[in-house]
Amino acid sequence: MDLTIQTPALLFPAVSLLLIAYTNKFLAIANLIRKLISDYEISQLHTTISQIHSLRRRLMLIRWMQIFGVGSILLCVVTMFFVYEGWQIWAKILFALSLMMMMVSLVLSLMEIILSAGALRVLLKELEEKEKR
């Protein structure tokens, strides 16, 4: 099977949308951390610190999601160049690496979603306990 220049180009729209979503998540979490730090300076609540630690882990995951996503699109561009030059073997290898990097990015995204849901579950549990009192 020979790669054509259109094959790696098919990933561009998907990767671009993923990177926008990752960036939006990053910005939302960064703003939330700033707000929590401000709240912590006022209230000194222990839960605020644990939330900030959880958000730090999520930020690290998002950063790696972005790194692997950008790496994937970069390898797609290099793959397209290799296809253009007729270097099919190298193009196939790089395209496979690009796909693997995208898979890693998506797995990290799944892990971040699970962390996010866990953090929300803790907050809801605290709210329910306050309501019972």
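Ring pairs link Phe 81, Phe 82 and Trp 87 into a cluster. The model is predicted, so that local features need pLDDT of at least 70 and side-chain atom pairs count only at pLDDT 80 or more, while totals for chains, interfaces and linings use all residues. Residues are numbered from 1 along each chain as its sequence is written, and side-chain values use heavy atoms, with hydrogens and water left out.

**Exercise 1.** Classify the ring pairs that involve Phe 82, and state whether Phe 82 is buried or exposed.

*Solution.* Begin with the criterion: rings of Phe, Tyr and Trp (its six-membered ring) pair if their centres lie within 6.5 Å, and planes under 30 degrees apart count as stacked, over 60 as edge-to-face and the rest as tilted. The whole structure holds four aromatic pairs. In one of them, Phe 81 and Phe 82 lie 6.1 Å apart centre to centre with 50° between the planes, which makes the pair tilted. Phe 82 also pairs with Trp 87, at 5.2 Å centre to centre and 65° between the planes, an edge-to-face arrangement. For the second part, buried means under 20% relative accessible area, exposed over 50% and partly exposed in between (1.4 Å probe, protein chains only). Phe 82, at 15%, is therefore buried, whereas Phe 81 at 42% is partly exposed, as is Trp 87 at 41%.

**Exercise 2.** Determine which helix supplies the largest share of the nonpolar surface patch.

*Solution.* Patch members have over 30% relative accessible area and no salt bridge, and nonpolar side chains (Val, Leu, Ile, Met, Phe, Trp, Tyr) are joined within 5 Å; a salt bridge is a side-chain nitrogen of Lys or Arg within 4 Å of a carboxyl oxygen of Asp or Glu. The patch covers about 1200 Å², and its members include Phe 81, Trp 87 and Trp 90. Helices α3 and α4 each supply at least two residues, and the largest share, seven residues, comes from α4. Trp 90 lies in α4 and is exposed, with a relative accessible area of 54%.

Key. Patches are made of residues with over 30% relative accessible area and no salt bridge: like charges are joined within 9 Å, nonpolar side chains (Val, Leu, Ile, Met, Phe, Trp, Tyr) within 5 Å. Accessible areas come from the Shrake-Rupley method with a 1.4 Å probe; for residues, only the protein chains shown count as cover. Helices (H or I, at least four residues) and strands (E, at least two) are DSSP runs, numbered from the N terminus.
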